[in-house]
Amino acid sequence: MQNKMWLGSHVGMAAPDYYLGTVKEAISYGSTTFMFYTGAPQNSARTPISSLKIKEGRELLKNLGFDEAKLVVHAPYIINLANTIKPESFEFSTQFLLKELFRTASFGIRLLVLHPGSAVGGDEKEGLNQVVKGLDLALEEDKSDVIVCLETMAGKGKEVGKTFEEIAYIINNCKYKNRLGVCLDTCHINDAGYEVGDVDGILDEFDKTIGLDRLKVIHLNDSKNEKGSHKDRHENIGYGTIGFDVLLKWVHSERIKDVPKILETPWPSKDKAPYKEEISMLIEGSYIENWRDSL
């Protein structure tokens, strides 16, 4: 694979081809990396690993020269380690995270993105400590080398992980900090109040607070909302308040050139993904006005 820009998107995984189909979909977009869920993100239903055509998918990846170290799994949204109100929900979340770690390793993938969670009706500081507790419980049992990449959040409701300081608190207090990394979402940090256009300034702050070596994944999304809105609504590249030129700087920054960058932008219609066009524009460095109109 000649292009080492490590740029791709979220892709699906469904019957009958499962992981083989996931790989083929990513290829169709011109991706050099991709991210997927091992099952539905909104529930706990999971197809057995033996049925997912993992071997066939990995063989195709190998033949195409993909680097599995740059591939990403996203944990389901139903995991909420920050819940201090319902013990049964916290117990479910820790156990389900443990299962997702196992499933991720089964694909030969080492990066698992996780939303830190929401304190719901509880105290946010207690929620942060609960995340630490949940990670310790899961990682104590897990025997893989998968890195849990805590995602930076927009701060809606009582979400934790909305600042670099909160992410650093979780990492620094976890017994298994060697198993933790970070996924930085451009839409989320914009909505949390960071100046996304100051790429070097943000990377400097990240490095000082967390350590740039922990930045394992970037979610590359435009935002429907203004800086500091705390709303978390993704937009297509160039159609939001962040803009193409700023996101292009993130893609081409030498400081993070080896970090996989994943698009999670909305589909213009239910049957047409935007990723091929967005990836092409970002690689070429040239924006096409009103590009969605042609989809």
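**View A. Salt bridge between lysine 162 and glutamate 124.** The side chains of lysine 162 and glutamate 124 form a salt bridge with an N to O distance of 2.7 Å (salt bridge: a side-chain nitrogen of Lys or Arg within 4 Å of a carboxyl oxygen of Asp or Glu). Lysine 162 sits in the loop between strand S5 (147–151) and helix H5 (164–173), and glutamate 124 belongs to helix H4 (residues 124–141), so the contact ties together parts 38 residues apart in sequence. Helices (H or I, at least four residues) and strands (E, at least two) are DSSP runs, numbered from the N terminus. Lysine 162 is buried, at 19% relative accessible area, whereas glutamate 124 is partly exposed, at 25%. Buried stands for under 20% relative accessible area, exposed for over 50%, and partly exposed for values in between (1.4 Å probe, protein chains only).

The model is predicted: local features need pLDDT of at least 70 and side-chain atom pairs pLDDT 80 or more, while totals for chains, interfaces and linings use all residues. Residues are numbered from 1 along each chain as its sequence is written, and side-chain values use heavy atoms, with hydrogens and water left out.

**View B. Salt bridge between lysine 156 and aspartate 232.** The two side chains meet in a salt bridge at 3.3 Å, N to O. Lysine 156 is in the loop between S5 and H5 and aspartate 232 in the loop between strand S8 (222–223) and strand S9 (234–235), so parts 76 residues apart in sequence are tied together. Lysine 156 is partly exposed, with 34% relative accessibility.

**View C. Salt bridge between arginine 292 and glutamate 235.** Here the N to O distance of the salt bridge is 3.2 Å. The pair links distant parts of the chain, 57 residues apart: arginine 292 lies in the segment after helix H9 (275–284) and glutamate 235 in strand S9. Glutamate 235 is buried at 9% relative accessible area; arginine 292 is partly exposed at 26%.

**View D. Network of Arg46, Glu100 and Arg103.** Salt bridges link these three residues in a network. The whole structure holds 16 salt bridges.

**View E. The largest pocket.** A pocket is an open set of points on a 1 Å grid over the protein atoms alone, where a 1.4 Å probe fits, with protein on both sides within 12 Å along at least five of seven lines; lining residues have an atom within 4 Å of a point. The volume of the largest pocket is about 290 Å³. Its lining comprises 19 residues, with Tyr37, Tyr77, His115, His234 and Glu264 nearest the centre.

Terms used
Grid points are joined across faces, edges and corners, and a volume is the space filled by probe spheres set on the points.
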